[in-house]
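Please keep the sequence and the model at hand.

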Amino acid sequence: MGLIMKKLLITGIKGFIGYNLYNYLKYDYEIIGIDDCSGLACDERDVPYIHADLLTCDFPDADIVIHLAGRGDLKNSWTDINGFYLSNVKATKRIFDFYSNADRILYASSSSVLEITDPYGFSKAVCEDLAPSNAIGMQFYTVYGDYGRPDMLYRMALEDKLSYKTNHTRDFIHVSELSRYIELLMDYGRLGEVYQMGSAKPQTITDFLKYVGYTKELPFKEVTGEREYTCADMAKIRKLEEVQLNVKGR
């Protein structure tokens with residue numbers, strides 16, 4: 001008799017992280033996806049999903065929920081505070097309530113909660129406060145990789161659409177590595193905890209662009225309202241990796 005696959009729900013499955021995560025996990029789980037296709041470049045990503053609004057839809061049964069859907073364009077959060085509340089707080093609360101008896105809920109948070117400067121960061125902090133006992137928070141740092149949104153630095157560099165750069169220093173993490181960490185949390189994460197998820201190797205924007213092969217000279221532009229420096233504390237993730245190694249070594 002074969003092993004019964006656990007049912008995994010990914011919200012925002014047609015988004016940048018959701019799509020990459022689906023491809024990373026699709027052979028090991030029975031995956032159900034939900035997306036309202038409101039995100040940029042949604043049509044570029046072909047994946048089975050249910051078209052639904054998380055504020056009104058009926059939710060499918062699932063053993064594990066990975067909640068990635070929501071508004072992430074922090075620069076625009078000041079012009080649509082109510083929209084961010086609905087998408088990031090109210091929709092997440094519905095997920096928390098409906099799946100209160102699931103094995104676990106992994107929900108997307110952000111490094112922005114550590115130094116709140118905008119409604120986006122505040123909305124993610126509220127979600128952390130609302131999280132039930134079967135939930136695990138994921139504070140994402142600066143994720144990059146294939147199938148990114150058209151407004152993301154990495155994709156704009158690949159498509160030669162950058163017109164300036166900033167002096168910020170960011171903790172960049174490739175989406176494939178992030179997917180590995182998410183699976184680690186699915187297997188070994190402690191319920192009720194929040195995990196920072198980055199590389200712990202921050203780079204200036206200039207150094208990152210060199211790292212990904214972008215060599216064109218760009219002028220600097222002063223951008224306010226954002227954190228100057230980010231760096232993930234990966235201690236909790238490293239401990240889980242040790243647990244994983246011990247289990248696999250038995």
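## Terms and model

Angles of 65 to 115 degrees between axes count as roughly perpendicular, and angles under 35 degrees as roughly parallel. The model is predicted. Two packed helices are described by the angle between their axes and the distance between the axes.

## Helices α1 and α5

Helix α1 covers residues 16-25, and helix α5 covers residues 175-188. Their axes cross at roughly 65° and come within 9 Å. α1 and α5 are therefore roughly perpendicular to each other. Their crossing is right-handed.

On the α1 side, the contact uses Phe16, Ile17, Asn20, Leu21, Tyr24 and Leu25. These meet Val175, Ser176, Leu178, Ser179, Arg180, Ile182, Glu183 and Met186 of α5. By class, the residues of this contact are nine nonpolar, three polar and two charged.

## Helices α2 and α3

Helix α2 runs through residues 81-98, and helix α3 through residues 119-130. They pack at an angle of about 15°. Their axes lie 9 Å apart. With that angle, α2 and α3 are therefore roughly parallel to each other. α2 passes α3 in a right-handed crossing.

From α2, the contact takes in Ile81, Phe84, Asn88, Val89, Thr92, Lys93 and Phe96. From α3 come Pro119, Tyr120, Ser123, Lys124, Val126, Cys127 and Leu130. The contact of α2 with α3 holds nine nonpolar, three polar and two charged residues.

Technical notes: Residues are numbered from 1 along each chain as its sequence is written. This is a predicted model: local features need pLDDT of at least 70, side-chain atom pairs count only at pLDDT 80 or more; totals for chains, interfaces and linings use all residues. Side-chain values use heavy atoms; hydrogens and water are left out. Axes are lines fitted to C-alpha atoms, for helices over the stretch in contact, and angles run from 0 to 180 degrees between N-to-C directions. Helices (H or I, at least four residues) and strands (E, at least two) are DSSP runs, numbered from the N terminus. Angles under 35 degrees count as roughly parallel, over 145 as roughly antiparallel, 65 to 115 as roughly perpendicular and the rest as oblique. A crossing is left-handed if the near helix is turned anticlockwise from the far one by less than a right angle, and right-handed if clockwise. Contact means heavy atoms within 4.5 Å. Ala, Val, Leu, Ile, Met, Phe, Trp, Tyr, Cys and Pro count as nonpolar, Asp, Glu, Lys and Arg as charged, and the others, Gly among them, as polar.
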